Amino acid sequence: MPKNSKVVKRELDDEVIESVKDLLSNEDSADDAFKKSELIVDVQEEKDIDVEEESEVEDERPAWNSKLQYILAQVGFSVGLGNVWRFPYLCQKNGGGAYLLPYLILLLVIGIPLFFLELSVGQRIRRGSIGVWNYISPKLGGIGFASCVVCFFVALYYNVIIGWSLFYFSQSFQQPLPWDQCPLVKNASHTFVEPECEKSSATTYYWYREALNISSSISESGGLNWKMTVCLLAAWVVVCLAMIKGIQSSGKIMYFSSLFPYVVLICFLIRALLLNGSIDGIRHMFTPKLEMMLEPKVWREAATQVFFALGLGFGGVIAFSSYNKRDNNCHFDAVLVSFINFFTSVLATLVVFAVLGFKANVINEKCIAENSKMIVKFLRTGNISQDIIPHHINLSTVTAEDYHLVYDIIQKVKEEEFSALHLNSCQIEDELNKAVQGTGLAFIAFTEAMTHFPASPFWSVMFFLMLVNLGLGSMFGTIEGIITPVVDTFKVRKEILTVICCLLAFCIGLIFVQRSGNYFVTMFDDYSATLPLLIVVILENIAVSFVYGIDKFMEDLKDMLGFAPNRYYYYMWKYISPLMLLSLLIASVVNMGLSPPGYNAWIEDKASEEFLSYPTWGMVVCILLMVLAILPVPAVFVIRRCNLIDNSSGSLASVTYKRGRVLKEPVNLEGDDASLIHGKIPSEMSSPNFGKNIYRKQSGSPTLDTAPNGRYGIGYLMADMPDMPESDL
């Protein structure tokens, strides 16, 4: 135990709010030796005091059991469903292999520096997002509240996707799979295939009609879908049980939820490479279209994907890193997790296109067989002369190469009449060019491919269990981004807060399990996170680089890590990253303005999707989502700038952040010679500089009476520190 730890503990636990003179006059005799010592201490003494302070914090704050557990938690949070169903789509859409270059460049310019920034502030200050940004600049304390609101919005619909995956997982223990064939409908006279299914496909019909039982518009609620309601409840129960003890419970689950998806992806890749046509899919995927790299849209979408892939702005990164030791090498963590995320996206892309290549090959074989039968029919009726067909070709067992040869010959001979024959070219590239993403990839395209796998139920179980684990890993980080800052700030019990948060989210989440729920998922995905998160991260960058000071921050990192970070980060944080983020924000706003707000509705009669605009109330909801997410930033700024809340009221304005504690500011400091800054009200006092120990001698004051009163919860002495950032606490 550190020297005088009993005295320190008793004083801190009582949280006595008195004047500094009263506190010093009531000290135990055990502190006499300390009071008689000179306050100007050498480097070794500063280190000793810092160790004592740090040990007190670490005694109170939970910590990761191991470095591996922490890395898995960060990987589980950053690697999510977007790596599997968003990155491959963007890669295919934006130039194939050529897309990897702008993505990698933007990962180095935006991703790693900003990820490193969030890791370092969380680890150094050891608070959640609210505490971190209050600590750095209380006027910008709304950044933390905004990230909590965004986390809550995202958690609402993200857990619905986990619920969908749980439903498909539960339905996969059947042979054949329930989405393998279209259902048959019986009437009095005969049996026929369900028309809606026949017009689309078996997997499409199962997704829209059996799983979602979807309505035709967002205005048509249709009531709750009881199957999805049960799955959503199960998803929230799992999240609640995993998070109820914080990192002590969720950290252990990370070993499975973070590693299992890699096992499944590798198994899928090996299996897919053994299937016919998988190489066609991979070749199509990585054939670079270099000319597309010149399009601004490609860079904008790459930057957006980098931004969301690492979970920047959510607060989960800060929350997880706040449980680290203060000397942990978070720079290594930032680089490691970022590149694990990138290589996971590439691995998932290989798997997706190997499987889609196999699926395209199967569909192409069916296409060739059907069109060959049509050609044979035309030969019998005389529409096509037998003489134009090469003698070595047998149309009953035709290969793809032979069919394409016959197709080209018929097209040349029947130039004007060719379109009336309705023959299909059956090119495998045409099937691979049908870009799908999100739910369309996971619940339609991939499920259809797996129906052609040998032992398809096994692979279906593995795939949807992987989706559940990917989703849970991200959900843990998202919920941690809500729970940790609120617990740190308001000192509520974590167990009670977790249960209340999950119960409230489930109740609100019922709007997503209506028959029209899928349209609300689209709405929240488009409007609740993109712009607010961009604004949050821009403000984070500005708060550290310009409000707190990039030079002081670099010194803090050197003090914490034991080495000076590369100067590269200095220029990224101060110049390049803010400019890139502002450009991305402007591009996103312009793109949102040019794109008509709406959603793709499933029309039962047509058995296809149709783009519909949001009704007036839907537009209001979209705007409210963005406003509510970013509203805490200006609200907190105005409240603290104008002192609208009385400090004595016990409100947020009177809360100060010290390492490991949240304490009330003293209300009345008039006439107190030991006041941190004379003549200022508590809301104008400076925040502690977390870069160095700052036990300094106050100029013009007695040596004996200016003990480092941070030991008593009032804060650190700030005299003669002109480089300290302004604070409102």
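Contact, throughout this report, means that heavy atoms lie within 4.5 Å of each other. The structure is a predicted model, in which local features need pLDDT of at least 70 and side-chain atom pairs count only at pLDDT 80 or more, while totals for chains, interfaces and linings use all residues. Residues are numbered from 1 along each chain as its sequence is written, and side-chain values use heavy atoms, with hydrogens and water left out.

**Overall build**

The chain has 29 helices and six strands, where helices (H or I, at least four residues) and strands (E, at least two) are DSSP runs numbered from the N terminus. Of its 729 residues, 58% count as buried, a term that stands for under 20% relative accessible area, with exposed meaning over 50% and partly exposed the range in between (1.4 Å probe, protein chains only). Among contacts between residues at least 6 apart in sequence, 80% join residues at least 24 apart.

**Nonpolar cores**

A nonpolar core is a set of buried Ala, Val, Leu, Ile, Met, Phe, Trp, Tyr and Cys residues joined through side-chain atoms within 4.5 Å. The largest such core has 187 residues, and those with the most contacts inside it are W133, W236 and F268. Helix 10 (residues 142–171) gives this core its largest share, 17 residues. Apart from it lies another core, of 18 residues, which includes I368, I384, L395 and Y403. When residues up to four places away in sequence are not counted, W133 touches L117, V121, P138, L140, G141, I143, G144, I318, E540, A543 and V544.

**Packing of helix 10 on helix 28**

Helix 10 also packs with helix 28 (residues 616–630), at an angle of about 140° and with the axes 7 Å apart; axes here are lines fitted to C-alpha atoms, for helices over the stretch in contact, and angles run from 0 to 180 degrees between N-to-C directions. Helix 10 is therefore oblique to helix 28, since angles under 35 degrees count as roughly parallel, over 145 as roughly antiparallel, 65 to 115 as roughly perpendicular and the rest as oblique. On the side of helix 10 the contact is made by A146, V149, V150 and F153, and on the side of helix 28 by L625, L628 and A629. By class, this contact has seven nonpolar, no polar and no charged residues, with Ala, Val, Leu, Ile, Met, Phe, Trp, Tyr, Cys and Pro counted as nonpolar, Asp, Glu, Lys and Arg as charged, and the others, Gly among them, as polar.

Strand 3 (residues 598–603) has five of its six residues buried, so it is largely enclosed by the rest of the structure. Strand 3 and strand 4 (residues 608–613) pair in the antiparallel sense over six bridges, pairing being assigned if DSSP finds at least two bridges between two strands. Within this pair, N600 stands opposite F611 in strand 4. The two strands form a hairpin with four residues between them, and A607 in the turn has a positive phi of about 55°.

A607 is also one of the residues in contact with E196, the others being Y205, R209, W602 and E604, once the neighbours of E196 within four places in sequence are left aside. E196 itself is found in helix 11 (residues 195–199) and, at 5% relative accessibility, counts as buried.

**Individual sites and their contacts**

| Residue | Relative accessible area | State |
|---|---|---|
| C91 | 0% | buried |
| Q69 | 2% | buried |
| Q514 | 17% | buried |
| M580 | 29% | partly exposed |

In the contacts that follow, neighbours within four places in sequence are left aside for C91, Q69, Q514 and M580. C91, in helix 7 (residues 87–93), is in contact with G96, Y99, L100 and M285, and its C-alpha atom is separated by 9.1 Å from that of A302, 211 residues apart along the chain. Q69 has its place in helix 5 (residues 67–78) and is in contact with W64, I247, G251, K252 and Y255.

Q514 is found in the loop between helix 24 (494–508) and helix 25 (517–527), where it touches S221, G223, L224, N225 and F520. The C-alpha atoms of Q514 and S221 are separated by 6.1 Å, although the two residues are 293 residues apart along the chain. M580 lies in helix 27 (residues 567–594) and is in contact with L106, V109 and I110. Between the C-alpha atoms of M580 and V109, 471 residues apart along the chain, the separation is 8.4 Å.
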